[in-house]
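Thanks for making the time this morning. I would like to walk through one model with you, beginning with a single side chain and widening the view from there.

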Amino acid sequence: MLSRKNTAERTAAQAWDYLSSAMADAGESAKDAGKHTADLASAKAAVATATAAKLADKAGKQSHKLAGRAGKKSSKLADKAAARLSAVSDEAYERATLAANALAGRKPGLPWGLIVGAGLLGAALGWAAASTARAALERRAENEQLELAEPDAVVVATPTYDN
């Protein structure tokens with residue numbers, strides 16, 4: 001029985017040694033594989049980071065361009081909207097003032113701008129017509145003087161007496 005016990009102990013010790021060395025080898029292999037995997041992963045991560053940086057740079061430039069375009073378009077739209085709103089609000093203010101004046105019994109004022117404008121337009125048209133008529137009369141008078149001054153154009157009428 002003693003020999004069996006020694007043999008079993010020896011076999012257990014050998015198994016333990018074998019298991020320990022296998023575990024140590026596995027640990028070393030895992031460590032080496034981990035280092036290799038880490039190296040590959042860091043290399044891939046560096047490539048991915050560089051690619052991402054390039055793409056981010058491109059995206060930043062494109063977004064800057066697009067933001068500039070969008071900003072210009074939105075400012076144009078805002079200017080149009082502001083102009084339209086200003087015109088509408090001016091008209092609304094004018095109508096409200098006229099309504100308040102009508103309710104208060106006040107008569108609307110004369111449109112002096114239109115009256116003065118029509119007067120100036122009439123004066124300009126009258127001046128143009130007078131200048132044209134004066135120039136036509138001067139040309140007519142000059143033509144009559146030229147006709148009278150030409151010796152060939154003189155018609156001498158001599159009366160004849162029949163007796």
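This is a predicted model: local features need pLDDT of at least 70, side-chain atom pairs count only at pLDDT 80 or more; totals for chains, interfaces and linings use all residues.

**Surface and salt bridges**

Let me begin with M23, which counts as exposed because its relative accessibility is 57%, where exposed means over 50% relative accessible area, buried under 20%, and partly exposed in between, with a 1.4 Å probe and protein chains only. Residues are numbered from 1 along each chain as its sequence is written, and side-chain values use heavy atoms, with hydrogens and water left out.

M23 sits in helix α1, which covers residues 2-103, and helices here are DSSP runs of H or I with at least four residues, strands being runs of E with at least two, numbered from the N terminus. Together with W16 and L19, M23 makes a nonpolar surface patch of about 380 Å². Patches take residues with over 30% relative accessible area and no salt bridge, joining nonpolar side chains (Val, Leu, Ile, Met, Phe, Trp, Tyr) within 5 Å and like charges within 9 Å; the areas come from the Shrake-Rupley method with a 1.4 Å probe, and for residues only the protein chains shown count as cover.

Which residues form the positive surface patch? They are K65, R69, K72, K73, K76 and K80, with Lys and Arg counted as positive, Asp and Glu as negative, and His and the chain ends not counted; the charge is placed at NZ of Lys, CZ of Arg, CG of Asp or CD of Glu. K72, also found in helix α1, is exposed at a relative accessible area of 59%.

Turning to salt bridges, meaning a side-chain nitrogen of Lys or Arg within 4 Å of a carboxyl oxygen of Asp or Glu, the structure holds 2. R95 pairs with E91, the closest N and O atoms being 3.0 Å apart, and because these residues are 4 apart in helix α1, about one helical turn separates them. R95 is exposed at 58%, whereas E91 is partly exposed at 40%.

R140 pairs with E144 at 3.9 Å between the closest N and O atoms, both lying in helix α2, residues 112-149, again 4 residues apart. R140 is exposed at 55%, and E144 is partly exposed at 44%.

Overall, the protein has 2 helices and 0 strands, and buried residues make up 0% of its 163 residues.
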